[in-house]
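Opening the notebook on a new model.

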Amino acid sequence: MKNNLKGITLMSFFASTLLSTQLFGANIEQLAQDVELLKANLESNSKSGFQLAGYAAFDYSDKDFSGVKFAPIFHAKYGDIFQFEGELEFNVDSKGETVTELEYAAGTIFLNDYMGLQVGKFMSPVGQFVQNQHPSWINKLPATPVGFGHDGAAPTSNVGVALRGGLPKMGDIRSNYVLFVANASVYGKVEDGAIEGSIDANGRTSSNGAAPTIGGRYAINPVGNMEVGISGSFGQISDVDQSSSTRDYSVFDVDFMYNIDAISLKGEYVQQDIGTSDISSFDTEGGTWAAWYAQASYLFAFAPIEPVIRYSDYHNPELQRNQLALGLNYLFASNLVAKLAFEVNTNEDSAVPSDGLYNEDILRMQLAFGF
């Protein structure tokens, strides 16, 4: 009887041990699967990144606090294959209302170490000022050069696709390029019910019946801290009031920048040309919109003070304007700048009445912060 009890006890022990081992093994296997799943999720999440950047500016002009701008910039990426960037711009107008604009919003797929394919709304690749110098904390003066703002001679943005990248070094020379295809611009804008002749070269989601704009930029760095670029585009442009009226359209631009120790030199020339139209309802003539600027600044070694001088000129079929701007900046930090500038503005076309801006000298102040 005792031997039978011992046998039963041993059999129960082995059976329970076997069952426990199987259950433990199943738990270990499930735990291993859970760990692998968690690891995969963590690795996937680690490939994603997000950054909030941007800038803000507060302006004073002669007698008024004339501008408040807040421009958050969003960067998001997934591994080394995709990046999104977008900028919103909030301004307060003279009526106290908030004006919101989408400056750009584009995604880039990195095809290899030297090339990325960008799609969406992006800053115009033509030239240098618009895409690289326009943020308030980077621009050395409180205002843009004449002709380089909205509705001037320089295109500001495009909606389309762009191929961007850099080429391998040729000796000590580096270079970069961009090629793009985008929706066409529009000629003319509606002001108080009337159509005004200006080129609206801001990114649009429709070509309004015109052929797309094709263009690009190529820049080289012949020596350290120097870049020289040439760019342009061609296509068609449509009249703002009718898609059946299209014209030839072209842009040409050359730019340079050179930093020599504490001296910074910059300059650019841009020209937009449109052809004639036989069926335009407001303007059958073509014309040229051209602007250029040259700028020099010097950052003192003994104090964070930076004097700036810039001359700019702009003309279109109706008027010609130029500006001499003298500025003095105080750098609390490289991204926090207080600016004081005096502008001498001249409207050289006597047929165009003074608009209170381009025939008057203006004192400007600005506090700009990049983050």
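What follows are my notes, from the whole chain down to single residues.

**Ground rules.** I am working on a predicted model, where local features need pLDDT of at least 70 and side-chain atom pairs count only at pLDDT 80 or more, while totals for chains, interfaces and linings use all residues. Residues are numbered from 1 along each chain as its sequence is written, and side-chain values use heavy atoms, with hydrogens and water left out.

**Overall.** I looked up the secondary structure and got 2 helices and 18 strands. Helices (H or I, at least four residues) and strands (E, at least two) are DSSP runs, numbered from the N terminus. Of the 371 residues, 38% are buried.

Residues 24 or more positions apart account for 54% of them.

**Salt bridges.** Side chains of opposite charge can pair when their charged atoms come close. My criterion is a side-chain nitrogen of Lys or Arg within 4 Å of a carboxyl oxygen of Asp or Glu. The search over the whole structure gave 7 of them.

I noted Asp200 with Arg204 at 3.2 Å, N to O. Asp200 counts as buried at 17% relative accessibility, whereas Arg204 is partly exposed at 29%.

Next I checked Asp255 and Arg217, whose closest N and O atoms are 2.8 Å apart in a salt bridge. Asp255 sits in strand β12 (residues 242–260) and Arg217 in strand β10 (residues 213–221), so this pair ties together parts 38 residues apart in sequence. Both Asp255 and Arg217 are buried.

Then came Glu343 and Arg364, also a salt bridge, at 2.8 Å from N to O. Strand β17 (residues 336–347) holds Glu343 and strand β18 (residues 362–370) holds Arg364, so the pair links parts 21 residues apart in sequence. I have Glu343 as buried at 3% relative accessibility and Arg364 as buried at 18%.

**Glu103.** Leaving aside neighbours within four places in sequence, its contacts are Glu87, Glu89, Lys121, Met123, His134, His150 and Ser157.

**Strand β2.** Gly67 lies in this strand and is buried, with a relative accessible area of 15%. Beyond its neighbours within four places in sequence, Gly67 is in contact with Ala57, Phe58 and Asp59. I also took the C-alpha separation from Gly67 to Gln366: 8.9 Å, for residues 299 apart along the chain.

Asp64 belongs to strand β2 too (residues 64–78). Together with Asp62, Glu360 and Asp361, Asp64 forms a negative surface patch. Patch members need over 30% relative accessible area and no salt bridge, with like charges joined within 9 Å.

How values were computed: Patch = residues over 30% accessible without salt bridge, like charges linked within 9 Å, V, L, I, M, F, W, Y side chains within 5 Å. Areas by Shrake-Rupley, 256 points an atom, 1.4 Å probe, with all protein chains shown as cover. Lys, Arg positive; Asp, Glu negative; His and termini not counted. Charge placed at Lys NZ, Arg CZ, Asp CG, Glu CD. Buried < 20%, exposed > 50% of the residue type's maximum accessible area, 1.4 Å probe, protein only. Contact = heavy atoms within 4.5 Å.
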